[in-house]
Amino acid sequence: MVTKGKLMDSTMKERVFDIINYIFLLIVMIVTLYPFLNVLAISLNESTDTVRGGIYAWPREFTLNNYLEIMKYDHLVTGFFNSVLRTVIGTILGVFAQAMVAFTLSRADFQGRKFVSTFLVLTMYFSGGLIPGYMLIRDLGLMNSFWVYILPGLVSAFNIIIIRSFMDGIPFSLQESAKMDGANDFTIFYRIILPLCKPVLATIALFVAVGQWNSWFDTYLYNSMNENLTTLQYELMKILDNTSMGGNVDANQMRPNEQQQNQVSPESIKMAITMVTVIPIMLVYPFVQRYFIQGMTLGAVKQ
């Protein structure tokens, strides 16, 4: 009877814990999800009705006019194409380059391992600043060039450290065995190391892709005079700046056959812009979600 009573008490405690846990997770989900739903609702709500307030998680008067007004902007399509292109190319080249550097630093037989690792860490704390960086880009001939989006951020010290920490957990004997079988360093890297590093590489790919997609300041600094090299984030930033300063999107910057006074409110435009920038990168996350936690945990914990 005592054992049965203890078992019942234990079962009751587990149920209470499960209930409290579910309630807590439900609250966290609501707190996390509500801001996104609120932004989506305002972006899909009729502009003049939004001014009244009271829009929470569902639009009161559904409309797509807010998004249609954004699409009237002249260089939006070009900016979207350039943003997708820089995200794809920058992610592929960036992850590959960072993985190669991390592979070199993870090699126990690399004599300059400690020196290079220390040098990389120092770059995370010290930098030349904005003006020297601008002068460097200018002297390298990258002004008004698409490659200014790719080359300066090709290598990240933080990402290299994460990848190297993950690779440190791979037995070095695998590389030694492959070398005894006649494999060179590139073969070892491509056929052995990379397949084993899928979790951390997917994590870093997500970091790089989000950074490339959200970047607009480099367009402002280096390519603002070249309309063919504009990016989506930069164009949306200009729309947002116009709506914040003047209350309406400037009709002079729209296509000639659509130069009419914009009837949407700045708040509606801001929310629509937010959704346009967030949704594309959100679609990428499900493909790397299963690797994300494993890659971050193993990459950050191993020394």
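The accessible surface of the protein chain is about 18300 Å², and carbon and sulfur atoms hold 66% of that surface. Accessible areas come from the Shrake-Rupley method with a 1.4 Å probe, and for residues only the protein chains shown count as cover. This is a predicted model, in which local features need pLDDT of at least 70 and side-chain atom pairs count only at pLDDT 80 or more, while totals for chains, interfaces and linings use all residues. Residues are numbered from 1 along each chain as its sequence is written, and side-chain values use heavy atoms, with hydrogens and water left out.

**Overall make-up**

- The protein chain has 14 helices and zero strands, where helices (H or I, at least four residues) and strands (E, at least two) are DSSP runs numbered from the N terminus.
- Of the 303 residues in the protein chain, 37% are buried, meaning under 20% relative accessible area with a 1.4 Å probe, protein chains only.
- Among contacts (heavy atoms within 4.5 Å) in the protein chain with a separation of 6 or more, 71% are between residues 24 or more positions apart.

**Packing of α4 and α5**

- Helix α4 (residues 76-106) packs against helix α5 (residues 113-125) at an angle of about 135°, and their axes are 9 Å apart.
- Axes are lines fitted to C-alpha atoms, for helices over the stretch in contact, and angles run from 0 to 180 degrees between N-to-C directions.
- On the α4 side the contact involves Val101, Leu105 and Ser106, and on the α5 side Arg113, Val116, Ser117 and Leu120.

**Nonpolar cores**

- The largest nonpolar core contains 25 residues, and Ile163, Met167 and Leu201 are among those with the most contacts inside it.
- A nonpolar core is a set of buried Ala, Val, Leu, Ile, Met, Phe, Trp, Tyr and Cys residues joined through side-chain atoms within 4.5 Å.
- At least two residues of this core come from each of α4, α7 (157-168), α9 (185-196) and α10 (198-214).
- The largest share of this core is the six residues from α7.
- Another core, of 21 residues, lies apart from it and includes Leu232, Ile269, Ala272 and Ile281.

**Asp218**

- Asp218 belongs to helix α11 (residues 217-222) and is buried, with a relative accessible area of 14%.
- Neighbours within four places in sequence aside, Asp218 contacts Arg86, Tyr149 and Asn223.

Key: Buried means under 20% relative accessible area, exposed over 50%, partly exposed in between (1.4 Å probe, protein chains only).
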